[in-house]
Amino acid sequence: MKEIEVKNNLYVHIEYLKHNWKPSPDYAVLESIEVAIKAIEKQIEMKKYCNEHSCIDCPYSNPLGDSNRCMNDFIIDME
């Protein structure tokens with residue numbers, strides 16, 4: 001499953017849960033799903049940038065400077 005499919009599935013489920021979770025939604029679970037969606041969006045953004053640009057100008061490089069590995073090496077491939 002690709003990242004965009006995961007993101008879309010999570011959007012569908014979070015909307016469903018917001019309206020159908022009775023007696024009331026578990027807000028911690030909803031917040032966790034929202035955080036997961038944001039992380040997937042960031043991953044998609046990083047992969048796109050890394051595939052289109054040189055690592056020299058990468059805004060996602062390691063801020064601590066303890067490694068010069070590209071952040072693309074750390075991205076989980078969900079394909």
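Which residue forms a salt bridge with Lys7? The partner is Glu41, and the closest N and O atoms of the two are 3.9 Å apart. A salt bridge here is a side-chain nitrogen of Lys or Arg within 4 Å of a carboxyl oxygen of Asp or Glu.

Before we look around, a word on the model: it is predicted, so local features need pLDDT of at least 70 and side-chain atom pairs count only at pLDDT 80 or more, while totals for chains, interfaces and linings use all residues. Residues are numbered from 1 along each chain as its sequence is written, and side-chain values use heavy atoms, with hydrogens and water left out.

**The chain as a whole**

- The chain has two helices and zero strands; helices (H or I, at least four residues) and strands (E, at least two) are DSSP runs, numbered from the N terminus.
- Helix α1 covers residues 3–20, and helix α2 covers residues 27–52.
- Of the 79 residues in the chain, 23% are buried. Buried means under 20% relative accessible area, exposed means over 50%, and partly exposed is in between (1.4 Å probe, protein chains only).
- The accessible surface of the chain is about 6,000 Å², and carbon and sulfur atoms account for 56% of that surface. Accessible areas come from the Shrake-Rupley method with a 1.4 Å probe; for residues, only the protein chains shown count as cover.
- Take the contacts between residues at least 6 apart in sequence: 54% of them join residues at least 24 apart. Contact means heavy atoms within 4.5 Å.

**Lys7 and its surroundings**

- Lys7 sits in helix α1 and counts as buried because its relative accessibility is 15%.
- Setting aside neighbours within four places in sequence, Lys7 is in contact with Ile37, Ile40 and Glu41.
- Glu41 is partly exposed, because its relative accessible area is 30%.

**Ile37, a buried residue in helix α2**

- Ile37 belongs to helix α2, and a relative accessibility of 4% is why Ile37 counts as buried.
- How far apart are Ile37 and Lys7 in sequence and in space? They are 30 residues apart in sequence and 5.7 Å apart in space, C-alpha to C-alpha.
- Leaving out neighbours within four places in sequence, Ile37 is in contact with Lys7, Leu10 and Tyr11.

**A network of salt bridges**

- Side chains of opposite charge can pair when their charged atoms come close.
- The whole structure holds three salt bridges.
- Which residues are linked in a network of salt bridges? They are Glu15, Lys18 and Glu34.
- In one of these pairs, the side chains of Lys18 and Glu15 meet at 3.5 Å, N to O. Lys18 and Glu15 are three residues apart in helix α1, so about one helical turn separates them.
- Lys18 also forms a salt bridge with Glu34, where the closest N and O atoms are 3.8 Å apart. Because Lys18 lies in helix α1 and Glu34 in helix α2, this pair ties together parts that are 16 residues apart in sequence.
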